[in-house]
Amino acid sequence: MHIERDINKRLLQWKKSDHRQPLVLQGARQTGKSYTLTEFGRQHYEHVAVFNFDRQTELASVFEKTKDVRRILQELTFYTGVPLIQGKTLLFFDEIQECQNALNALKYFSEEAPDHHVVCAGSLLGVALNKSGAGFPVGKVHFDQLFPVTFKEFLRAADSTLYNRTCQIVTDGVALPDIVFSQLLQYYHSYQMCGGLPRAASAFLSGEGSDAVEEILTDILKAYASDFSKHIDNKDVPRIHEIWRSIPSQLSRENKKFIFRIIRTGARAREYEAALDWLSLSGMIYKIFVSETPLMPLSFYEDTTAFKVYLLDIALLRRLAGLPREVIIANGELFKEFKGALAENFILNSLLAQGVELPHYWTLQGNRAEVDFLVPNGLSILPIEVKSDERISGKSFAVFDEKYHPDLRLRFSLRNVKRDGNLLNLPIFLADWMKHYL
């Protein structure tokens, strides 16, 4: 089932721009980069010429021979059946991280062939760009990022009528009617089950059944594990597997701070730094650092030795933990901490997809209080608290308020929209509409 992605609007703006540069689309494996760019090309260009550096390894030789764009274009015609026409053909370099010379050649496309529309993508582009250093054409390309399917995109594909009604209610700034709240909650539970990786989300929306979704998620986890072995130094492979397997247990604790001894007894930070960086650059995990002082810029006050690690997708987190889909709606204390972790991961994914920079979290010295996320909001800092159900008890938010007196505090929970002084409560499934309320 086709899921319309919000990034298509930005891609169209890029196409129409008078200052267009080659576009580099980053994002983790399985987020739909290749499909999105190919479909965009089919909808808005006469031709799409796809050059895949992973499948067509001989393509690398084209970029080894010359830096002359005209000659590169001439040789590329031997690898495609469509004409390479300025403004009418979308040139798509897929898995471009496999060819450093092609990455560097983007500079020459920008300078010498600006009328050719060039887009690039790759599963491990973040890793490749980090390695390329000064050789990469900084300032000569336009970057964008594709995250997993958001709940908003999922809802639009699942029930366009409910989606449109929700958008109108958000615009009006009023509480959700009970029937709308109930319907959105059901779809939120469905999204928690299948997640936002397009293959899994599409399978669910197509009615293939939850068993098929579980199988797809398992296959994706296997594909990720295969990437570990293919693309990194042998010495770091076991460490990446150890970190990856430890993430559910790291997040299942009340204090979700990443602890190296949970990976294995006696583990030290310096042994795992390279492995953590690889997972982060690949887009598979996010490292959220603590900031003990909520002032601008947050990075100035961060402690890089204290951080939490989240996954790119909540269903993948659940599957990695080996938990059945029924945990989503299970009550009681058995899954309390992990449901909280899933909720926090959901909110983080939503923030990033809305263009929010990687947030921080806050703790009071001695872990006497903690706020889940801190994000810049204009010239102030917005503290965000995440609750996985209707229970909103806890002193941390009140401690933060008393200590720093923020203009606004934001809490996500399973309660309806409500403003109480400087505290705004939003239903967790309205996270993708956060900016409308701010």
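A polar contact here is a pair of N or O atoms within 3.5 Å; within protein, one must be able to donate a hydrogen and the other to accept it, and residues adjacent in sequence count only if both atoms are side-chain atoms. Keep that in mind for Arg5. The side chain of Arg5 reaches the backbone oxygen of Thr31 at 3.3 Å.

Some ground rules. This is a predicted model, where local features need pLDDT of at least 70, side-chain atom pairs count only at pLDDT 80 or more, and totals for chains, interfaces and linings use all residues. Residues are numbered from 1 along each chain as its sequence is written, and side-chain values use heavy atoms, with hydrogens and water left out.

Back to Arg5. Its place is in the segment before helix H1 (7-16). Helices (H or I, at least four residues) and strands (E, at least two) are DSSP runs, numbered from the N terminus. Is Arg5 buried or exposed? Arg5 is buried, at a relative accessible area of 6%. Buried means under 20% relative accessible area, exposed over 50%, partly exposed in between, with a 1.4 Å probe and protein chains only. Setting aside neighbours within four places in sequence, Arg5 is in contact with residues including Leu146, Phe147, Glu153 and Pro198. Contact means heavy atoms within 4.5 Å.

Now the whole protein. There are 18 helices and 13 strands. The radius of gyration is 23 Å, close to the 22 Å from the globule rule for 438 residues, so the protein is as compact as a globular protein of that length. That radius is taken over C-alpha atoms, and the rule is 2.2 Å times the number of residues to the power 0.38. The C-alpha trace spans about 65 × 55 × 45 Å along its principal axes. Of the 438 residues, 55% count as buried. Take contacts between residues at least 6 apart in sequence: 68% of them join residues at least 24 apart.

Next, the aromatics. Rings of Phe, Tyr and Trp (its six-membered ring) pair if their centres lie within 6.5 Å; planes under 30 degrees apart count as stacked, over 60 as edge-to-face and the rest as tilted. By this rule there are 29 aromatic pairs. One of them is Phe63 with Phe93: edge-to-face, 5.8 Å centre to centre, 90° between the planes. Phe63 lies in helix H3 (residues 60-65) and Phe93 in strand S3 (residues 89-94), so this pair ties together parts 30 residues apart in sequence. Phe63 is buried at 5% relative accessibility, and Phe93 is buried at 0%.

Another pair is Phe400 and Tyr404. The ring centres are 5.0 Å apart and the planes at 50°, so the pair is tilted. Both sit in helix H17 (residues 396-404), four residues apart, which is about one helical turn. Phe400 is buried at 2%; Tyr404 is partly exposed at 27%.

Phe400 leads us to Val371. Val371 touches Phe400, and also Phe397, Trp362 and Pro383, among others, not counting residues up to four places away in sequence. Val371 is found in strand S9 (residues 370-377) and is buried at 2% relative accessibility. Val371 and Pro383 are 12 residues apart in sequence and 6.8 Å apart in space, C-alpha to C-alpha.

Last, charges over rings. The cut-off: NZ of Lys or CZ of Arg within 6 Å of the ring centre and within 35 degrees of the ring normal. Arg409 puts its charged end over the ring of Phe397, 5.1 Å from the centre. Lys287 lies over the face of Phe307, 4.7 Å from the ring centre.
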